[in-house]
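Dear colleague,

I am passing on the structure we talked about, so please open it alongside this message and keep it in view while you read.

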Amino acid sequence: MTIWLNGLRTMGRLTAVLAAVLLTACAHTVSVDGQFPTPVGNQHPLTVGVYLSDDFRQFTYSENRDDRDEWNINTGRAQKNLFETVLGSMFRETISLAQYPSDLPQGLDLVIVPEVRELQFTMPRETRVNIFEVWIKYDMHAYNQRGDSVAEWVITAYGKTPTAFLKSQEAALAQAINVALRDAGATLYTGFTQVPELQAFIVNKQRALSMQEVTGEK
Amino acid sequence: MKSLSNLVAPLLLATAALASGGCTTVVIDEYRRSTGELAVGDSVVILGRRHSSEYETEPDLIDCVGDTLHSPEAGVNVIPEQQFVDALYPWFEPRKAPMHIKSLSKLMDIPDVRDRMEQYGVKYIVWIDGSTETTSSAGSIGCSISTAGAGCFGFGTWDKESDYEASVWDFRDQELSGKISADAQGTSYMPAIVVPIPLIARVQNNACKGMAAQLREFLLPPQSASR
């Protein structure tokens, strides 16, 4: 009887170890760490605070579905780099905020707070096309110094790898995410003035600045 | 001694096969609206169109055309694609890049962008759109390992087709200078008698070489191109 019990325990342990090994074998971890070029173009005449929350800076997308392997995709560092680079070049002055909404420095025209709403990806075997595709959606919020909402808009980004040939799944997916992040940066930069509320805000600011110049000259 | 010759013979056969490769046919067409005006100090940018979700112009094709065309001593200076796209971020990203010459002139209203383009001395922007695809394949190869050894047996064949179109924009004159199209087709074979011997048709590479040669004639002034 004792031999039977010992045998069952050993079998149980072996099954647990085997299950753990199999689970680990099917789990994929991707850490995206991209550097992005500084945009070229006109700067808006605004002083802007940028708050990237801890959730945003350390964002990890986790997925564990029955029809797919387990995936843990960390885009936090790359998207932090992207938003700091792009927003840093878009305005006359950009201040990185360690906290929000408390302890805001004086003189801010806007505070911009991005959030990741959604990340999706497809693998070549799912689409039968030899590419990896990634979609990322960001919710963008702009507040004034008092904390009132000035504008809310959505940025959608798309990226794909040219081919999955001779690449690991992780490397190919990281490449597609970097392409999607570049696309997000492009949409953020070129689409900022297409948000009606922000367009009006910039026009008002420009008008106020020209009024100041005129009264200053007088 | 006999075993050495047994080894060398298939190796020589494989090398000869690789050297001959599969057959490829390339057809280049050209539509020209103006003669080439590339002068000393001018640069050319070769860019791939990547806005379609169904295909994308391969970066290695763009690199190949750029590397083949780049020849400072002949007066052709090509700016690498990634360097140019990074320097003008985000205006030449796949979904933001100008699709028509009119959109390019609108882009030049931004002083910083115009300055950057002038710093690079850009005279021509060449947009290449297209891809290389495997159109059909047939045959099968089986490989096995046993105590007596390992080997493959069978025959495989596949067809590839390249279809590219290059639109040449004259950046300074803000006009379409012309278009060059390259259609290439080729069949690759892989017979396997113990060792698989690939007879690869370099379809994309031949399309690249054909396009680069035609582009050189297109961009340089007539007397320089004939040199």
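Predicted model: local features only at pLDDT ≥ 70, side-chain atom pairs only at ≥ 80, totals over all residues.

Where the two chains touch, twelve residues of chain A are in contact with 14 residues of chain B. On the chain A side of this meeting place, six of the residues are nonpolar, four are polar and two are charged.

There are also cis peptide bonds to look at. In chain A, the bond that runs from A:Tyr100 to A:Pro101 is cis, with omega near 10°, and A:Pro101 sits in the loop between β5 (91-97) and β6 (110-122) of that chain. In chain B, B:Tyr89 and B:Pro90 are joined by a cis peptide bond with omega of about 5°, and B:Pro90 belongs to the loop between α3 (81-87) and α4 (101-107) of chain B.

Next come residues with a positive phi. B:Gln174 is not a glycine, yet its phi is positive, at about 50°, and its place is in the loop between β5 (149-170) and β6 (175-196) of chain B. B:Val194, which is not a glycine either, has a positive phi of about 70°, but this residue is found in strand β6 of chain B.

Are these residues buried or exposed? B:Gln174 has 12 C-beta neighbours inside 10 Å and therefore counts as exposed, because a residue with 12 or fewer falls into that class. B:Val194 counts as exposed because it has 12 C-beta neighbours inside 10 Å.

With kind regards

Note on methods
Residues numbered from 1 in each chain as written. Chains lettered and ligands numbered in written order. Contact = placed C-beta atoms within 7 Å. Nonpolar A, V, L, I, M, F, W, Y, C, P; charged D, E, K, R; others polar. Helix = DSSP H or I, 4+ residues; strand = E, 2+ residues; numbered from the N terminus. Buried ≥ 20, exposed ≤ 12 C-beta atoms within 10 Å, placed from the backbone.
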